[in-house]
Amino acid sequence: NITLNNGVQDAALVRQCLAYKVFRDAGQAAPRCSFAQVSMNGEDLGIYVHVEPVKRMFLRQHFPTDDGDLYEGTVSDFVPGWENTFEPKNYDTDWQLEAIRDITSRLDIGQDPAEVVEQYFDVDSMLTHFALEAIVGHWDGYVGNRNNFYIYRDPESTLFTFIPWGTDRTFR
């Protein structure tokens with residue numbers, strides 16, 4: 001599995017890799033990143049950013065198991081009507097989105113948000129993730145735009161952890 005980014009939003013091609021390194025250095029689950037010289041049918045297409053995909057191998061490196069619920073968030077949030085914006089990413093994931101629907105409904109009926117967050121999220125990791133998004137200027141992540149992120153629910157702890165994604169427009 002490879003994920004190549006043409007870097008069109010980052011002419012220097014380094015922002016994405018630097019941002020993921022900041023997350024990893026802070027102890028967060030974040031993709032590894034490198035560079036690749038790409039050619040196709042003998043035509044040199046240039047340097048691309050090679051980002052580790054957030055899949056089973058990634059999960060095994062960062063969590064006790066890889067069979068929890070993995071969702072990609074693309075313009076997604078825990079508000080009524082937005083539940084189906086979370087895209088299940090592996091066959092073990094709950095395609096009915098029960099935990100996400102539960103979070104949304106509890107917040108919607110006015111339960112104490114702090115209690116809901118503590119019940120469903122690794123709070124220390126979440127706060128670190130949010131602070132790091134601000135530090136690297138990831139305006140298109142969860143905090144800034146409710147976009148470009150993954151969440152993984154570890155079946156052992158039953159808590160969600162945020163994973164950064166799409167950090168190519170950081171450090172601006």
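The disulfide that links C17 and C33 is left-handed, with an angle of -65° about the S-S bond. Helix α1 holds C17 and strand β2 holds C33, so this pair ties together parts that are 16 residues apart in sequence; helices (H or I, at least four residues) and strands (E, at least two) are here DSSP runs, numbered from the N terminus. The two sulfur atoms are 2.1 Å apart, where a disulfide is defined as a pair of cysteine sulfur atoms within 2.5 Å, and the structure holds 1 such link. Both C17 and C33 are buried, a term that means under 20% relative accessible area, with exposed meaning over 50% and partly exposed lying in between (1.4 Å probe, protein chains only).

The model described here is a predicted one, in which local features need pLDDT of at least 70 and side-chain atom pairs count only at pLDDT 80 or more, whereas totals for chains, interfaces and linings use all residues. Residues are numbered from 1 along each chain as its sequence is written, and side-chain values use heavy atoms, with hydrogens and water left out.

The strands β1, β3 and β2 form, in that order, an open sheet of 3 strands with antiparallel pairing, two strands being counted as paired if DSSP finds at least two bridges between them. At the edges of this sheet stand β1 (3–5) and β2, each with a single partner strand, so one side of each is left without a neighbour in the sheet. From one strand to the next, the twist averages 45°; axes are lines fitted to C-alpha atoms, for helices over the stretch in contact, and angles run from 0 to 180 degrees between N-to-C directions. Strands β1 and β3 run antiparallel and are joined by 3 bridges, with T3 standing opposite V51 in β3. Helix α1 lies across β1, β2 and β3 and runs at about 150° to β2, contact being defined as heavy atoms within 4.5 Å.

A second open sheet is formed by 4 strands in the order β5-β4-β6-β7, again with antiparallel pairing. Here β5 and β7 stand at the edges, and because each has a single partner strand, one side of each is left without a neighbour in the sheet. Direction ignored, neighbouring strands of this sheet are turned by 30° against each other on average. Within the sheet, strand β4 (residues 69–73) is largely enclosed by the rest of the structure, because 5 of its 5 residues are buried. Both of its faces are covered, with D69, Y71 and G73 on one side and L70 and E72 on the other. Strand β4 is joined to the antiparallel strand β6 (residues 149–153) by 5 bridges, and the bridge partner of E72 in β6 is Y150. Towards β5 (residues 86–88), which also runs antiparallel to β4, there are 3 bridges, and G73 stands opposite F86. Strands β6 and β7 pair in the antiparallel sense over 5 bridges, with Y152 opposite T161 in β7.

A search of the whole structure finds 10 salt bridges, each defined as a side-chain nitrogen of Lys or Arg within 4 Å of a carboxyl oxygen of Asp or Glu. One of them joins the side chains of R32 and E52, at 3.2 Å from N to O. Since R32 lies in the loop between α1 (15–25) and β2 (33–40), and E52 in the loop between β3 (43–51) and α2 (56–62), the pair ties together parts that are 20 residues apart in sequence. R32 is partly exposed, with a relative accessible area of 44%, whereas E52 is buried at 9%.

R56 forms a salt bridge with D66, the closest N and O atoms being 3.7 Å apart. This pair links distant parts of the chain, with R56 in helix α2 and D66 in the loop between α2 and β4, 10 residues apart. Both R56 and D66 are buried. The side chain of R56 also meets that of D92 in a salt bridge, at 2.7 Å from N to O. In this case R56 in helix α2 is linked to D92 in the loop between β5 and α3 (98–108), 36 residues apart. R56, R60, D66 and D92 are linked in a network of salt bridges.
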